Amino acid sequence: MNEIAKLFPGLYGQPSVSVVPDQNAAASSRQKLKISVVFSGGQAPGHNVISGLFDYLQERAKGSTFYGFKGGPAGIMKCKYVELNAEYIHPYINQVLGLGRDKIETPEQFKQVEETAKKLDLDGLVVIGEDDSNTNACLLAENFSGDAEAEA
């Protein structure tokens, strides 16, 4: 555990979060969000995850914007994205945006990702994939937590 605390000092020990539907809240009262998704690593759960996220956003936060990064993590660094909408998503059920095994680990790469997130004014980024995807997600979360001294 000490190794994990050293690798992710901004994240380690943070409280867990549970997502619980609010049965009393009107769907139309939700704020508009800007959420993005990226496939990272090998074959990910695929387009069904994107479709589910899109449908949820449309139901719970009408008018939200949903982006997909093309080509995996390199798409975030190079700001290569497509705005995902029903016309784009539904014909491609069970397919993917493009996988990539790129790692996001250098200060320059984190800066590129930060620039993309700011350009798109993102509220969230969903990383879908295998074990390396978890590493990318943790490193991104650590970087966005503001702990500049975290080492990859």
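These legends describe close-up views of one predicted model.

The model is predicted, so local features need pLDDT of at least 70 and side-chain atom pairs count only at pLDDT 80 or more, while totals for chains, interfaces and linings use all residues. Residues are numbered from 1 along each chain as its sequence is written, and side-chain values use heavy atoms, with hydrogens and water left out.

The structure holds 2 salt bridges. A salt bridge here is a side-chain nitrogen of Lys or Arg within 4 Å of a carboxyl oxygen of Asp or Glu. K111 pairs with E115, with the closest N and O atoms 3.2 Å apart. K118 pairs with E114 at 3.0 Å, N to O. K111 and E115 both sit in helix α5 (residues 107–119), 4 residues apart, about one turn of the helix. K118 and E114 also both lie in α5, 4 residues apart, again about one turn. Helices (H or I, at least four residues) and strands (E, at least two) are DSSP runs, numbered from the N terminus. K118 is exposed at 60%. E114 is partly exposed at 32%. E115 is partly exposed at 43%.

C79 is not a glycine, but its phi is positive, near 55°. C79 lies in the loop between α3 (73–77) and β3 (81–83). Its relative accessibility is 19%, so C79 counts as buried. D121 is likewise not a glycine and has a positive phi of about 55°. D121 is in the loop between α5 and β4 (124–129). At 49% relative accessibility, D121 counts as partly exposed.

A disulfide is a pair of cysteine sulfur atoms within 2.5 Å. The count by this rule is 0 disulfides. C79 is buried at 19% relative accessibility. C138 is partly exposed at 32%.

**View D. The largest nonpolar core.**
A nonpolar core is a set of buried Ala, Val, Leu, Ile, Met, Phe, Trp, Tyr and Cys residues joined through side-chain atoms within 4.5 Å. The largest has 13 residues, of which F69, I76, M77, I104, F110, V113 and L140 touch the most other members. Two or more residues come from each of β2 (65–69), α3, α5 and α6 (131–144). Helix α3 gives the most, with 3 residues. Which residues does F110 contact, leaving aside its neighbours within four places in sequence? They are I104, E105, L139, L140 and N143. Contact means heavy atoms within 4.5 Å. A second, separate core of 12 residues includes V37, F39, V82 and I128.

**View E. The aromatic pair Y67 and Y81.**
Rings of Phe, Tyr and Trp (its six-membered ring) pair if their centres lie within 6.5 Å; planes under 30 degrees apart count as stacked, over 60 as edge-to-face and the rest as tilted. The count by this rule is 2 aromatic pairs. One of them joins Y67 and Y81 edge-to-face, at 5.2 Å centre to centre and 85° between the planes. Y67 belongs to strand β2 and Y81 to strand β3, so the pair ties together parts that are 14 residues apart in sequence. Y67 is buried at 9% relative accessible area. Y81 is partly exposed at 31%.

Note on methods
Buried means under 20% relative accessible area, exposed over 50%, partly exposed in between (1.4 Å probe, protein chains only).
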